[in-house]
Amino acid sequence: MSAPLTILGIETSCDETAVAVLRGTPDARPQILSHLVLSQIAAHAPYGGVVPEIAARAHIEALDDLIAAALKEAELTFSDLTAIAATAGPGLVGGVIVGLMTAKGIAHAQNLPLVGVNHLEGHALSVRLTEEATFPYLLLLVSGGHCQLLAVEGPGNYHLYGATIDDAVGEAFDKTAKMLNLPYPGGPSVERAALAGDPARFDLPRPLIHRPGRDFSFSGLKTAVRHAAEGLGKERLEPQDVADLAASFQAAATDVLANRAAHAMARFIEDYPGATRTLVVAGGVAANQHLRSHLEAAAAARDFALIAPPLQYCTDNAAMIAWAGLELFALGHRDTLALSPRARWPLDQKANHPGAKV
Ligand code: KG4
Ligand code: ZN
């Protein structure tokens, strides 16, 4: 076994400032020496969504102290590190710049190697922080900005199976929450409200579900929720209406995700006949328990095991960035101080898909 690597990871691509320190090798679960996430939820809540300028400023204000705190918790100094990994995109570019420039400053001052990490690759590999997931596996990546199915052959090696042709599923959760006057962030609010709701009260569409293929569409579903709410003809929705609409939306979105994942499992078996059948769900929406239980059933029906990272590694965090950095570093990947932040950065660079142009 090779010598353990100690990696500091930085994540600033959206509304969480996060820093983590890991120690390990790619072939085993790492020690997570520290894992700090500072959420900006309170700063964005009055606007009902993430305001890029506020996010970038908040990252600047928080990041230096958070790095110091993460090293302190890990009982390490910069000189103990093997490398620095930072999200280099895709995301809100103001935030990405803050994290990447800070990482470059540290790399230069401390003479440490730099690894720029694709945020989506952080999500894609996050399962390997805590679980035994061997390559290749099938990945359902569901977050605020992305909704994709990919075969993961290894770091830097992804094959796009399908993607959304309009909204990401997390975005649909967030917009539904806004329509229902549920608090920001929307996904967890919709899930909470749905617990008291009847998923059968509103007959919402399941876009694309009767079509072959592995693409997603959520914008029609979002519109259908609005029409259903308006159709009640009330000035103000009753709490039960909100709960029933949230439950009906969540059920429809889940059906779409499970159906598309089923089609992707069939394709994965064709492409990798001898492989272990593993479906990984990652990204913020993977925190949704209703979705997890339905995916589990869809996976079991095709002899796949569903693996989902623990909740704290599903939503944005820096442990996943440090881990992707560790896997890439071990493969010899290094970036120079000339590395530029990228607002768009598809995981499968060969894919010619409108949903993959992220
Ligand atoms: O991965 P993530 O933290 O950030 C992005 O990279 O986008 O994902 C955030 C998204 C948001 O749209 C949020 O509403 C959604 O994940 N989300 C959820 C839940 N928790 C977070 N959606 C549904 N149910 C949840 N429990
Ligand atoms: Zn994310």
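Me: What coordinates the zinc ion (ligand 2)?
Reply: In this predicted model, His119 (NE2), His123 (NE2) and Asp316 (OD) coordinate the zinc ion (ligand 2), at 2.0 to 2.2 Å. Donors are N, O and S atoms within 2.8 Å of the metal (3.2 Å for Na, K and Ca); water is not among the atoms, so sites may look incomplete.

Me: How are the donor residues spaced in sequence?
Reply: The pattern is H-x3-H-x192-D. His123 sits in helix 4 (residues 119–125), and Asp316 is in the loop between helix 11 (311–314) and helix 12 (319–330). They are 193 residues apart, so the pair links distant parts of the chain. Helices are DSSP runs (H or I, at least four residues), numbered from the N terminus.

Me: Is His123 buried or exposed?
Reply: His123 counts as buried because its relative accessibility is 1%. Buried means under 20% relative accessible area, exposed over 50%, partly exposed in between (1.4 Å probe, protein chains only).

Me: And Asp316, buried or exposed?
Reply: Buried too, at 15% relative accessibility.

Me: New topic. Where does ligand 1 lie?
Reply: Domain 1 (5–129 + 313–351) and domain 2 (137–308) both give residues to its shell, so ligand 1 lies between them. The domain bounds come from an automatic or database assignment.

Me: What does the side chain of Glu191 do there?
Reply: One of its N or O atoms is 2.7 Å from a nitrogen atom of ligand 1. The protein covers 88% of the 550 Å² of accessible area that ligand 1 has on its own. Areas use the Shrake-Rupley method with a 1.4 Å probe.

Terms used: Residues are numbered from 1 along each chain as its sequence is written. Chains are lettered from A and ligands numbered from 1 in the order in which they are written. This is a predicted model: local features need pLDDT of at least 70, side-chain atom pairs count only at pLDDT 80 or more; totals for chains, interfaces and linings use all residues. Side-chain values use heavy atoms; hydrogens and water are left out. Helices (H or I, at least four residues) and strands (E, at least two) are DSSP runs, numbered from the N terminus. A polar contact is a pair of N or O atoms within 3.5 Å; within protein, one must be able to donate a hydrogen and the other to accept it, and residues adjacent in sequence count only if both atoms are side-chain atoms.
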